[in-house]
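Trainee: I would like to go through the labels on this model one at a time. Please set each against its definition.

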Amino acid sequence: MSKERIVVKIGSSSLTNQKGEIDHEKLNDHVDAIFALRKANHEVILVSSGAVAAGFKKLGYPSRPVTLKGKQAAASVGQGLLIQTYMEKFQAYDITAAQILLTRSDFSNRKRYQNAFATISELLDRGILPIINENDTVSVDELTFGDNDMLSSLVSGFIHADRLIILTDINGIYDGNPRTNPNAKKFYFLEDINEDLFQLADENGSKVGTGGMKSKLLAAQTALYLGVSVFIGTGFGKNKLLDVLDGKGDGTYIANRSQTSINTKRQWIALHSESTGHVYIDQGAVEAILYHGKSLLSPGVFKVKGTFEKGDVVDVMGINGLIGKGQVSCPSDELSDYIEQRKEKGPEFHEPAIEVIHRDNWVQLKN
Ligand SMILES: Nc1ncnc2c1ncn2[C@@H]1O[C@H](COP(=O)(O)OP(=O)(O)O)[C@@H](O)[C@H]1O
Ligand SMILES: N[C@@H](CCC(=O)OP(=O)(O)O)C(=O)O
């Protein structure tokens, strides 16, 4: 078996009980299985939920809190308990773990994104096991990853993982929620996540988790786009993760064979950057960048909206709407000036073309 880089995501329901405590038996089982993966020479990055679910009891809540401040307070207690437990258990296997708490703004800011990448790479190079969670105590509703399923898929693309394993309390994706529909049928293999599947999954999950199967499908869709194959399911015992690699996992395998990985810069442009303006281009330019892999040059641009500097990211609009995003090579005033002069001078305009977006800094978005 060749060495793989694997992101393992564990949901709250697979780590805690409904009373708001860590379930040590479940957690030990995951630690044993991760140890077995590492022993087989694979690299593992753990994305672990469970901070809110492990902490709420200590704050006197009878069930998972629903208010933002309640969740954030519970997470600040629970994250400490969780990481302490992981550290102790991994230490018994001589594995050093590292805690990494991320917010969405760590991804949208290019410098912080690069720093996070460098840190995780350094940890992996030194044989440390990164344990990642969202930094719940400082994340606010509008500025979160949504849930840890999405965080785990973004992390798996970001570090160019071979595979994302999402461990949950159900053994795969069914054509209905098996908790409410006993006749629901399981999918063992999927080649893609299409819109029909979303109709079959509901957002209701366990009492301690968030997002249900819908959020896992969204996460899987993103991971596939980033060139990472996905497994969603469950299992028991120290071989459960090795079994997933062996094709014997208890869950659903999702692998789009045609998908190739996307470099980190393009991932950042496509999924994390915030656009600061719009550039409107004509049909000739649309065809040049979409079908001939060309850079976008100023003669194809007929309108600019917003103010941007060199290095900012803009939305690129074709005649039928948004076609992609790119990091610009020139500021908005230079481009606007070019367009203005071209209009004024007409056939007398002979200025050389300006590069607006280099082909390496361009990503086409799905329409
Ligand atoms: N189509 C479906 N197939 C499988 N499970 C589903 C489906 N639709 C909804 N679910 C629910 O999703 C739950 C898992 O989601 P969740 O509780 O958020 O997990 P986690 O805490 O592991 O992130 C399952 O227990 C199941 O009740
Ligand atoms: N960051 C939150 C996780 C929220 C979440 O997505 O939970 P889950 O659906 O169980 O993966 C926590 O640690 O409680």
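Mentor: We go through strands, a helix, a core and domains. This is a predicted model, where local features need pLDDT of at least 70, side-chain atom pairs count only at pLDDT 80 or more, and totals for chains, interfaces and linings use all residues. Residues are numbered from 1 along each chain as its sequence is written, while chains are lettered from A and ligands numbered from 1 in the order in which they are written.

Trainee: Why is strand S4 called largely enclosed?

Mentor: A residue is buried if 20 or more other C-beta atoms lie within 10 Å of its own, exposed if 12 or fewer, and partly exposed in between; C-beta atoms are placed from the backbone. Six of the six residues of S4 (residues 129–134) are buried, so the rest of the structure largely encloses this strand. Strands (E, at least two residues) and helices (H or I, at least four) are DSSP runs, numbered from the N terminus.

Trainee: How do you know that both faces of S4 are covered?

Mentor: In a regular strand, side chains alternate between the two faces of the sheet. Leu-129, Ile-131 and Asn-133 are buried on one side, and Pro-130, Ile-132 and Glu-134 are buried on the other.

Trainee: What makes S2 and S4 a pair?

Mentor: Two strands pair if DSSP finds at least two bridges between them. S2 (residues 43–48) has two bridges to S4, and they run parallel. Val-47 has Ile-132 as its bridge partner. S3 (residues 97–102) also pairs with S4 in the parallel sense, over six bridges. There, Ile-100 stands opposite Ile-132.

Trainee: Why is helix H6 called largely enclosed?

Mentor: The burial cut-off applies again. In H6 (residues 148–158), 11 of the 11 residues are buried, so the helix is largely enclosed. Among them are Asp-149, Leu-151 and Phe-158. Just after H6, His-160 takes a positive phi of about 55°.

Trainee: What makes a set of residues a nonpolar core?

Mentor: The members are buried Ala, Val, Leu, Ile, Met, Phe, Trp, Tyr and Cys residues joined through C-beta atoms within 7 Å. The largest such core has 84 residues, and those touching the most other members include Val-8, Ile-34 and Leu-46. Domain 1 (5–265) and domain 2 (275–364) both contribute residues, so this core lies between them.

Trainee: How far apart are the C-alpha centres of the two domains?

Mentor: They lie 39 Å apart. The domain bounds come from an automatic or database domain assignment.
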